[in-house]
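Biologist: I have the model open and want to go through a few parts of it. Can we start with one of the helices?

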Amino acid sequence: MIKSPKLAIALAIVALATAAACTNGGGLGSVNSGGGGTPSPLPSGGIGVAIPTGKIGVENDPVWGTVSGYTEEQTSQIMAFAPGATVTITNLSSTTPHTLNVIAVGGTPPPNWPANPSLSFSPSGSGVLGADYASGSLNPGSSVKVKLSSPGIYLLGCAYHYIEFNMRDVIQVVAGATPGPTASPGPGGYAVARRSARPAQRRSEPHLIDQRGHRFTFSSLRGEPLIVTFVSAHCTDACPLINAQFAAAAQRIEREHLAARLLTITLDPEHDSPQTMRELARRFDANPRHWLVAGGSRSDIHAVMRAFGVISIEGKHGSNDHHTTFVYAMDSNGDLAQTLLASTATQDDILDGLRAGRWGTHA
Ligand SMILES: [Cu+2]
């Protein structure tokens with residue numbers, strides 16, 4: 001839990017900060033050293049490896065367990081790339097060699113990470129990510145390239161530091177993933193969630209209730225880009241940051257007359273009623289033309305969360321304050337086009353995407 005002065009600090013620095021304790025699951029990576037925690041200097045779409053202190057984060061992910069020591073530029077420790085991508089793995093350390101080895105390939109999260117897998121210090125796998133891939137020992141500052149061809153989930157470990165530093169990670173190779181700051185599609189999601197996130201394919205589409213008390217469906221919002229996120233109204237960690245980012249983005253959308261809508265949905269329908277969400281909307285002065293803040297029945301909200309692969313877990317205080325923090329850009333057709341990581345740059349990410357027409361035309 002962070003207190004508001006610390007949150008203010010987190011908002012003040014542009015990069016992801018140390019603060020987001022409730023964002024396990026891939027959103028804001030919490031860095032395990034004290035102090036500021038600046039993002040790693042990495043080539044776009046590259047992977048940096050280092051002992052997880054300071055620049056490289058640690059996430060205690062509810063799905064994947066502890067992951068640390070590998071990251072993309074400014075993103076979470078769970079990494080996603082599109083098939084066919086070639087990724088540069090760079091050792092960011094100035095003192096210590098590391099490796100990137102594939103431990104297992106599969107389609108689901110591991111029940112447990114293997115306790116003591118045999119990880120090689122020599123390169124293997126011919127530069128293609130697969131079950132037999134090993135980068136070999138990468139000296140400080142050196143790089144190697146790997147091609148990601150087959151879709152799947154690859155469990156990674158460093159041969160030197162798998163055990164002592166939990167230096168392990170997950171690469172998802174999945175269609176539609178965008179490397180870099182907007183990478184991970186999120187644990188539990190992947191291609192299946194991307195497909196099922198098309199509400200039109202549902203037999204009976206869930207209804208949501210906005211801050212005016214109007215019932216609506218995803219289908220009813222088609223025709224312009226829709227930027228979706230999920231929050232808990234009771235969360236005091238990352239959600240206030242996301243709400244502030246959405247509030248700022250909504251104002252900019254209005255000011256620039258962009259045809260687009262934001263949608264914030266509760267991820268804790270047991271505690272956040274539509275009335276609670278209305279209060280939240282009021283607090284942020286959310287104009288429903290550009291920003292819908294929605295609750296709904298438990299079953300409808302859970303159906304929407306499942307479709308997006310949103311995971312939330314009840315915390316100590318009864319509300320769901322451990323959860324994924326992603327921002328989903330749906331195009332004008334209602335298809336999920338891109339998954340963004342929530343950050344202090346979210347309003348810029350949204351505005352840049354809309355202005356560029358990345359998720360459909362704007363008026
Ligand atoms: Cu290592």
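This is a predicted model: local features need pLDDT of at least 70, side-chain atom pairs count only at pLDDT 80 or more; totals for chains, interfaces and linings use all residues.

Biologist: Which residues of helix 5 are buried, then?
Modeller: Helix 5 covers residues 298-308, and its buried residues are D300, I301, V304, M305, A307 and F308. Looking down the axis of helix 5, the buried residues fall within an arc of 160°, so they line one face of the helix. R298 and S299 are on the other side.

Biologist: Why would residues three or four places apart point the same way?
Modeller: An α-helix has 3.6 residues a turn, so residues at that spacing point the same way.

Biologist: And H302, where is that?
Modeller: H302 sits in helix 5 too.

Biologist: Why is H302 called partly exposed?
Modeller: There are 17 other C-beta atoms within 10 Å of H302. A residue needs 20 or more to be buried and 12 or fewer to be exposed, so H302 falls in between.

Biologist: How far apart are H302 and P206?
Modeller: In sequence they are 96 residues apart; in space, C-alpha to C-alpha, the distance is 9.2 Å.

Biologist: Switching to strands. How many residues of strand 9 are buried?
Modeller: Five of the six residues in strand 9, residues 152-157, are buried, so the strand is mostly covered.

Biologist: What does strand 9 pair with?
Modeller: Strand 9 pairs with strand 7, residues 101-106, in the antiparallel sense over five bridges. It also pairs with strand 10, residues 168-173, again antiparallel, over six bridges.

Biologist: Which residues stand opposite L156 and G157?
Modeller: V102 is opposite L156 of strand 9, and R168 in strand 10 is opposite G157.

Biologist: Zooming out, how many helices and strands does the protein chain have?
Modeller: Six helices and 19 strands. The chain has 363 residues, and 50% of them are buried. Of the contacts between residues at least 6 apart in sequence, 69% join residues at least 24 apart.

Biologist: What about confidence, overall and by element?
Modeller: The average pLDDT of the chain is 76, and 72% of the residues score at least 70.

Notes
Residues are numbered from 1 along each chain as its sequence is written. Helices (H or I, at least four residues) and strands (E, at least two) are DSSP runs, numbered from the N terminus. Two strands pair if DSSP finds at least two bridges between them. The arc is that of the directions from the helix axis to the C-beta atoms. Two residues are in contact if their C-beta atoms, placed from the backbone, lie within 7 Å. pLDDT is the predictor's confidence in each residue, from 0 to 100.
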